[in-house]
Amino acid sequence: MALNLPDWATDWKTAILNAERRLSPHLEQAIRTDVFLDAMTVANSLNRLAHRSADAARYSIADALGLPTSQQIAQLQCSFDRLVESQQSEAVGSTDGMRLS
Amino acid sequence: MIGTGSISGLADTISTVAEREIRRVVNGLRLAAGLDRPGVGCTPRTVIWSRGRASLMQYTAGAGAGRPAILLVPSLINRSYIWDLRHGDSFVEHLLDAGYDVLCLDWGVPDARDAHNTMSTYVDDYMMAAVAAATRRCTTVPIVIGHCFGGLIAVLWAASTEHQPPALITLAAPTNWDEVGPLSWLTRQGRIEPEDVLDETGNVPPASMLAAFQMIRPLGDVVTYVTFLDRLHDREATQAIWALMVWARGHIPFPGTTFIQMIRKLSRENSLNTGKVAFGGRIRELSSITSPFLNIYGNKDHVAPPESVKPLTGLVGSDKAEQRELNAGHIGLLVGSTMRNKTMPTVLGWLDEVLASNAPDTPPTPRPNGAEPKRARVEANGVGPKR
């Protein structure tokens, strides 16, 4: 006796796409709710708190050892880069600007 | 009893299936090993201007069709090669084939040095200088086409300059941020402050941008992966999907100060929707844009939903301001069959109409000094209108 199965039962692609088609509207609706947005806000706050705590610990260790932190080195590098850029742009001169009205 | 014909048919079927599966395995292994990854941004070009991380690339049509050049302005959050994704699937190629010289602004990859770049840096500095370089190169102000945030930069630039382009086209440029959806809501109502998402370089990290876009279509990636696996036997299709997947995950840092301004001015104040945006010590009035204007958006766009894009058409001061709704998503406007069959005919058809209505060989003229825009100028936020 032949068993008539729906397409999605024999075709993995159809099955997944059908599931996606049915689930997506509900999920997309869910992310528009205050509950979800509040949860994201809390998750973001906790994430920042964890990162800041970890950074503070790293920096205090580096400080105790008299070593520069990665952030200080990056800031120093950035200052040098900005200085070089400003000197280069001064040398080139701003001749390519169409004046504002 | 089984006939010879059915045995032969069965053998053919097995052979076809085996061949297809072998191709799938071979294509998959080639891609995984990096032996057959599609080349992107391959159309020959020349860099004609650069400043900081930004540069301006020129693609030459080679056919003196007498048409103005076209300047493409990408969004700040992705790499610019989406305009020239692959041979045969390239916005740039289609414009070149239509006889236009094409220029494309590449914002580069922002780093800590760009964290203090403001919206004014991009509109008044980079965009102004890039258009000036393009104008010097092509002798007339180019037509400008911007996508998403690039469209907003183009619009704000046009509202700030006396040198109006011959035509201005935006693709999926979000204007009414009340309608943008969860991406906008998260940073409104005091939930998340824009400063909270900046990393130690002072920019928004690419991972945060990616997570935000994945959030608004939670199962979007599933569809992409299923399609990829399903088409793995087809080398061409596999390469196309791979190129798009890599691009879609290749977000770049968003300059921090610009992000903060974007959230405060465009999202929280929803100032674009009022037609006046104050930044850089001036008010930019969209009503002062007089170029022919076309606002294109996709009805399946999750990033810039149609309702957020539509108002732009009514805010510009152009006599010819039109809009087209296409059956497309945010990126489909720029790549694939949607770009080839919908966006490109729409853009080229509209440009033909605009250029034909202009007198031949008449360079676009700046607005006369002192000409009053259609709407009354309004002082806002203590910043005076442009002088």
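Me: Which residue of chain A forms a salt bridge with B:Arg53?
Reply: This is a predicted model, in which local features need pLDDT of at least 70 and side-chain atom pairs count only at pLDDT 80 or more, while totals for chains, interfaces and linings use all residues. Residues are numbered from 1 along each chain as its sequence is written, chains are lettered from A and ligands numbered from 1 in the order in which they are written, and side-chain values use heavy atoms, leaving out hydrogens and water. A salt bridge puts a side-chain nitrogen of Lys or Arg within 4 Å of a carboxyl oxygen of Asp or Glu. With its closest N and O atoms 2.3 Å apart, the partner of B:Arg53 is A:Glu85.

Me: Which elements of chain A give two or more residues to the side that touches chain B?
Reply: Helices (H or I, at least four residues) and strands (E, at least two) are DSSP runs numbered from the N terminus. By that naming, the elements are helix H2 (12-30), helix H3 (34-64) and helix H4 (70-92) of chain A.

Me: What area is buried between chain A and chain B?
Reply: Contact (heavy atoms within 4.5 Å) takes in 30 residues from chain A and 41 residues from chain B. Across this interface there are seven salt bridges. Buried area is the accessible area (1.4 Å probe) that two parts lose on being put together, summed over both. Carbon and sulfur atoms give 62% of it here, and the total is about 3,300 Å².

Me: What is the order of strands in the open sheet of chain B?
Reply: Two strands pair if DSSP finds at least two bridges between them. The pairing in this eight-strand sheet is mixed, and strand E1 (46-51) and strand E10 (321-326) of chain B are the edges, each pairing on one side only. The order is E1-E2-E4-E3-E5-E6-E9-E10.

Me: Which residue in E4(B) is the bridge partner of B:Leu72?
Reply: Strand E3 (residues 70-73) and strand E4 (residues 102-106) of chain B run parallel, joined by three bridges. Within E4(B), the partner of B:Leu72 is B:Cys104.

Me: How many residues apart in sequence are the parts that B:Arg235 and B:Asp36 tie together?
Reply: These two form a salt bridge, with the closest N and O atoms 2.8 Å apart. B:Arg235 lies in helix H8 (residues 235-249) of chain B and B:Asp36 in the loop between helix H1 (4-33) and E1 of chain B, so the separation of the parts they tie together is 199 residues.

Me: Which residue takes a positive phi in the hairpin of E7(B) and E8(B)?
Reply: Strand E7 (residues 276-279) and strand E8 (residues 282-285) of chain B pair in the antiparallel sense over four bridges, with B:Phe279 bridging to B:Arg282. Two residues lie between the strands, and the one with a phi near 65° is B:Gly280.
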